[in-house]
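Please look at the sequence and the structure before reading on.

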Amino acid sequence: NIISNTKRFQVLKRDNFKCQYCGKTAKETRLEVDHIIPKSKGGSDELDNLITSCIECNRGKRDKSL
């Protein structure tokens, strides 16, 4: 399942285009949309399970739940 561009933009906008883990902004790094509960662990694509993450934090988190 791929997150739609519309939903991705909703998450980025809601989170003020800032990584919710380390605070980096889109000017500082590439931002992605991350699953709080990973899909591999039963997480959904619902907005309340999605968060803005920089590429570094997202790669470091991998498939771990917070």
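## Basis of the model

This is a predicted model, in which local features need pLDDT of at least 70 and side-chain atom pairs count only at pLDDT 80 or more, while totals for chains, interfaces and linings use all residues. Residues are numbered from 1 along each chain as its sequence is written, and side-chain values use heavy atoms, with hydrogens and water left out.

## The paired strands

Helices (H or I, at least four residues) and strands (E, at least two) are DSSP runs, numbered from the N terminus. Strand 1 and strand 2 pair in the antiparallel sense over five bridges; two strands pair if DSSP finds at least two bridges between them. Leucine 31 has cysteine 54 in strand 2 as its bridge partner.

Five of the five residues of strand 2 are buried. Buried means under 20% relative accessible area, exposed over 50%, and partly exposed in between (1.4 Å probe, protein chains only). In a regular strand the side chains alternate between the two faces of the sheet. In strand 2, Leu50, Thr52 and Cys54 are buried on one side, and Ile51 and Ser53 are buried on the other.

## The nonpolar core

A nonpolar core is a set of buried Ala, Val, Leu, Ile, Met, Phe, Trp, Tyr and Cys residues joined through side-chain atoms within 4.5 Å. The largest one has eight residues: Ile3, Val11, Leu12, Cys19, Leu31, Val33, Leu50 and Cys54. Helix 1, strand 1 and strand 2 (50-54) each give two or more residues to this core. In soluble globular proteins, nonpolar side chains tend to be buried together.

Contact means heavy atoms within 4.5 Å. Not counting residues up to four places away in sequence, isoleucine 3 touches Arg8, Val33, His35, Asp45 and Leu50.

Threonine 29 is in the loop between helix 1 (5-14) and strand 1 (31-35). Threonine 29 counts as buried because its relative accessibility is 13%.

Histidine 35 lies in strand 1 and is buried, with a relative accessible area of 13%. A polar contact of 2.6 Å joins its side chain to that of aspartate 45. Aspartate 34, also in strand 1, is buried at 5%, and its side chain makes a polar contact of 2.8 Å with that of tyrosine 21.

## Salt bridges

The structure holds four salt bridges. A salt bridge is a side-chain nitrogen of Lys or Arg within 4 Å of a carboxyl oxygen of Asp or Glu. One joins the side chains of arginine 59 and glutamate 32 (2.8 Å, N to O). This pair links distant parts of the chain, with arginine 59 in helix 2 (residues 55-61) and glutamate 32 in strand 1, 27 residues apart. Arginine 59 is partly exposed at 48%, whereas glutamate 32 is buried at 10%. Arg30, Glu32 and Arg59 are linked in a network of salt bridges.

Another salt bridge joins aspartate 15 and arginine 14 (3.0 Å, N to O). Aspartate 15 is buried at 8%, and arginine 14 is partly exposed at 40%.

Definitions and conventions:
A polar contact is a pair of N or O atoms within 3.5 Å; within protein, one must be able to donate a hydrogen and the other to accept it, and residues adjacent in sequence count only if both atoms are side-chain atoms.
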